[in-house]
Amino acid sequence: INFMAMDGVTYVRLRMLSRLIVTYASLAPIIAYLLILFLVTESPLVLLEVFSIISMPPLTVPTSWIIMAEAKLPQSRGLIEDSLHRSNVKVLILLGLMYGLAGLFLLPLAMESIMVATGLIPVNDISRFTLGIGLTELTISVLYYLLIMYSGFSGRIWRWFISKLAENGYV
């Protein structure tokens with residue numbers, strides 16, 4: 001695999017960072033809309049939704065690459081029809097796990113909605129609760145991204161990933 005004359009792990013880290021930036025660029029209109037909505041409505045639930053959306057990409061971007069390498073899907077730029085025969089139960093399970101992890105970031109939103117509706121959280125405590133959950137989500141997500149991309153063991157993960165790409169016929 002040609003990594004443009006640089007170390008493979010460095011290439012993957014740069015590529016992952018660029019994908020993260022592109023993901024945030026595509027989410028920017030949604031985030032801006034929700035922030036404006038929050039300013040208008042002052043609803044803590046909208047703020048929690050913003051935190052959830054901001055927290056998801058650092059978790060899902062690198063995890064999706066690892067899952068796709070393990071699922072042995074072809075990494076070529078061919079037609080989707082060419083790769084359909086390689087889909088299997090393992091792919092579905094791995095994708096389900098990834099989306100389940102991403103869904104965990106929306107769970108506090110659902111929990112807070114239920115607690116507000118049932119009166120378990122006093123109205124004046126909602127903002128502090130929301131801010132606490134949102135910051136916790138964001139912290140966990142960023143720590144996960146930093147660990148999987150830049151920690152001492154991340155080099156082994158991404159060398160394994162590069163090896164899997166080569167096995168899967170990545171060009």
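Which helix gives the most to the nonpolar patch? The answer is H6, with 4 residues. This is a predicted model, in which local features need pLDDT of at least 70, side-chain atom pairs count only at pLDDT 80 or more, and totals for chains, interfaces and linings use all residues. Residues are numbered from 1 along each chain as its sequence is written, and side-chain values use heavy atoms, with hydrogens and water left out.

The patch itself covers about 530 Å² and is built from Leu17, Ile21, Val142, Leu143, Leu146 and Tyr150. Areas come from the Shrake-Rupley method with a 1.4 Å probe. H1 and H6 (126-150) each supply at least two of the patch residues; helices here are DSSP runs of H or I, at least four residues, numbered from the N terminus. Leu143, in H6, counts as partly exposed because its relative accessibility is 49% (buried is under 20%, exposed over 50%, partly exposed in between).

H1 runs over residues 8-41 and reaches 47 Å from first C-alpha to last, close to the 50 Å expected at 1.5 Å times one less than its number of residues. Still, there is a kink of about 45° at Leu27, shortly before Pro29; the bend is the angle between axes fitted to the seven residues ending there and the seven starting there. Leu27 is also among the buried residues of H1, which include Tyr11, Met16 and Leu34. After H1 comes Glu42, with a positive phi near 55°.

Notes: Buried means under 20% relative accessible area, exposed over 50%, partly exposed in between (1.4 Å probe, protein chains only). Patches are made of residues with over 30% relative accessible area and no salt bridge: like charges are joined within 9 Å, nonpolar side chains (Val, Leu, Ile, Met, Phe, Trp, Tyr) within 5 Å. A salt bridge is a side-chain nitrogen of Lys or Arg within 4 Å of a carboxyl oxygen of Asp or Glu.
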